[in-house]
Amino acid sequence: MNFQKTIRKAISFKGIGLHSGAAVEIVLKPAPADHGIIFVRIDASQKVLIPALNRYVVETTLSTTLGKKGVTIQTIEHLMAALWGLDIDNVEVEVCGPEIPILDGSSEPFVEKIKKAGIQELDQLKKVFVITKPVAIVEGDRYCYLLSSRTPKVTCSIEFAHPYIQKQKFEMKLDPKNFTQEIARARTFGFVKDLELLKQKGLIRGGSLDCAIVLDEKNILNKEGLRFKDEFVRHKILDSIGDMALFGMKILGHFVTHKAGHELHTKLVRKVLRGDYGYMIGEKAFEKTQQDRMSLQTSLFQPASV
Ligand SMILES: [Zn+2]
């Protein structure tokens, strides 16, 4: 039996938003079963609740942004990856600012503090969506897809014409132990040649060597070097987990990505929510009827009121 989980006590994080450059504080609070992950923007003129669901995604350029009623929260993916990676279903996230703090550019600071606070099992069964039919998003040579699988798995490959990256591929069974050991520490990365243009676009205003791996033409500028030889592909897995988490429940399937990013991940999740690619097991652990599946999808997928 797999029960829903939350955190044992409230924990907070302070830092800078990678893109906005804003100083931000967030507080994660325990939440009851079937609450889900809900962001609450508390510095807006009135509190705005934004559930961490795919239908509230409003932007996917370099990070994933959720929005509702004109209020947005940027760069949610590393926190979402930490929560999904640690198998946590229910948390309220109070956010005082426009963006989740980037911290060291990975999910590790979130994972460490969550583990220290403790994880609480609740008395309701976890909801899981079981993939039964393959589903894919393909755009040129980039793609991502979900296949049916008896265990949750992820495979990711990337290609960059840089001596430190080139072709990298990583595959693993997705469970909290593997996520913590293999993925959570992998940092985001960027190229010096792109920095000026991104800054002009109002992005990466909070970027520095403290929160990202930065690469010039041939080298890595960070004195401390890499945390893993293939840290880049591991971070892409981290990002993909953060975006898949916006499905709203666990997915039992094999997630495969190649040169993908937030936009493709988001499109794939949306396609699964809209189509007929599997079924949900949950509260009573029985296979939902077609009718139940349809109403589940309708309730999870409503146009964002932004
Ligand atoms: Zn990332």
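1. Two strands pair if DSSP finds at least two bridges between them. Helices (H or I, at least four residues) and strands (E, at least two) are DSSP runs, numbered from the N terminus. The model discussed here is predicted: local features need pLDDT of at least 70, side-chain atom pairs count only at pLDDT 80 or more, and totals for chains, interfaces and linings use all residues. Residue numbers start from 1 along each chain as its sequence is written.

2. Overall dimensions. The protein chain contains seven helices and 20 strands. A compact globule of 306 residues would have a radius of gyration near 19 Å, and the 18 Å of the protein chain agrees with that (the radius is taken over C-alpha atoms, and the globule rule is 2.2 Å times the number of residues to the power 0.38). Along the principal axes, the C-alpha atoms fill a box of roughly 55 × 45 × 35 Å.

3. Of the 306 residues in the protein chain, 43% are buried (20 or more other C-beta atoms within 10 Å of the residue's own; exposed means 12 or fewer, and partly exposed lies in between, with C-beta atoms placed from the backbone). Contacts require C-beta atoms, placed from the backbone, to lie within 7 Å. Among those between residues at least 6 apart in sequence, 74% join residues at least 24 apart.

4. The open sheet. Five strands are arranged in the order β2-β3-β9-β4-β5, with mixed pairing. The edge positions belong to β2 (11-16) and β5 (48-51); each has a single partner strand, so one side of each has no neighbour in the sheet. From one strand to the next the twist averages 20°. Six bridges link β2 to β3 (residues 23-30) in the antiparallel sense, and Ile11 has Leu28 of β3 as its bridge partner.

5. Two hairpins that involve β7. Strands β6 (residues 57-59) and β7 (residues 65-68) pair in the antiparallel sense over two bridges, with Val57 partnered by Leu66 of β7. Five residues separate β6 and β7 in their hairpin, and Leu62 in the turn has a positive phi of about 65°. β7 is also joined to β8 (residues 71-73) by three bridges, again antiparallel. Leu66 stands opposite Ile73 in β8. The hairpin of β7 and β8 has two residues between the strands, and Lys69 takes a positive phi near 50°.

6. Helix α5. Its 14 residues (231-244) should span 20 Å at 1.5 Å a residue, and the end C-alpha atoms are 20 Å apart, which agrees (the expected span is 1.5 Å times one less than the number of residues). Because 14 of the 14 residues of α5 are buried, the helix is largely enclosed by the rest of the structure.

7. Packing of α1 on α5. The axes of α1 (residues 77-85) and α5 come within 7 Å and cross at roughly 80°. Axes are lines fitted to C-alpha atoms, for helices over the stretch in contact, with angles from 0 to 180 degrees between N-to-C directions. The two helices α1 and α5 are therefore roughly perpendicular (65 to 115 degrees; under 35 is roughly parallel, over 145 roughly antiparallel, and the rest oblique). Residues of α1 that meet α5 include Met80, Ala81 and Trp84, and those on the α5 side include Leu238 and Ile241.

8. Leu146. This residue belongs to β13 (residues 142-147). Leu146 counts as buried because it has 27 C-beta neighbours inside 10 Å. Leaving aside neighbours within four places in sequence, Leu146 has contacts that include Ile131, Val135, Phe255 and Leu268.

Methods: Contact = placed C-beta atoms within 7 Å.
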